[in-house]
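Have the sequence and the model open as you read.

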Amino acid sequence: FWRKEIDMLRWSAVFLVIAIIAAALGYGGIAADAAEIAKVLFFIFLGIFVVTLILGLIAGQKLFGQRR
């Protein structure tokens, strides 16, 4: 499961680099598209991370009980 999240973050970084290179070379349309794809993939990754974090906290509380 973690492998998919890391791959998604890696693709987000790849599209970000493509956007930066395309912008530096003056290809505005391609840069904008690559930046948009990177942004979408980043937020998908962020959402999966938050859901996984919440589920981990819930599972931890059920396994170890609430300590006060």
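How many aromatic pairs does the count come to by the ring-centre rule? The count comes to 2 aromatic pairs, where rings of Phe, Tyr and Trp (its six-membered ring) pair if their centres lie within 6.5 Å, and planes under 30 degrees apart are stacked, over 60 edge-to-face and the rest tilted.

| Pair | Distance of centres | Angle of planes | Class |
|---|---|---|---|
| Trp-11 and Phe-15 | 6.1 Å | 35 degrees | tilted |
| Phe-42 and Phe-43 | 5.5 Å | 70 degrees | edge-to-face |

This is a predicted model, in which local features need pLDDT of at least 70, side-chain atom pairs count only at pLDDT 80 or more, and totals for chains, interfaces and linings use all residues. Residues are numbered from 1 along each chain as its sequence is written, and side-chain values use heavy atoms, leaving out hydrogens and water.

Trp-11 and Phe-15 sit 4 residues apart in helix H1, about one turn of the helix; helices are DSSP runs (H or I) of at least four residues, numbered from the N terminus. Phe-15 is partly exposed at 22% relative accessibility, and Phe-42 is also partly exposed, at 36%. Here buried means under 20% relative accessible area, exposed over 50%, and partly exposed in between (1.4 Å probe, protein chains only).

Now look at Ser-12, also found in helix H1. Ser-12 is buried, with a relative accessible area of 7%. Beyond its neighbours within four places in sequence, Ser-12 is in contact (heavy atoms within 4.5 Å) with Ala-38, Leu-41 and Phe-42. Its side chain reaches the backbone oxygen of Ala-38 at 2.9 Å.

Definitions and conventions: Helix = DSSP H or I, 4+ residues; strand = E, 2+ residues; numbered from the N terminus. Polar contact = N/O pair within 3.5 Å; in protein donor to acceptor, adjacent residues only side chain to side chain.
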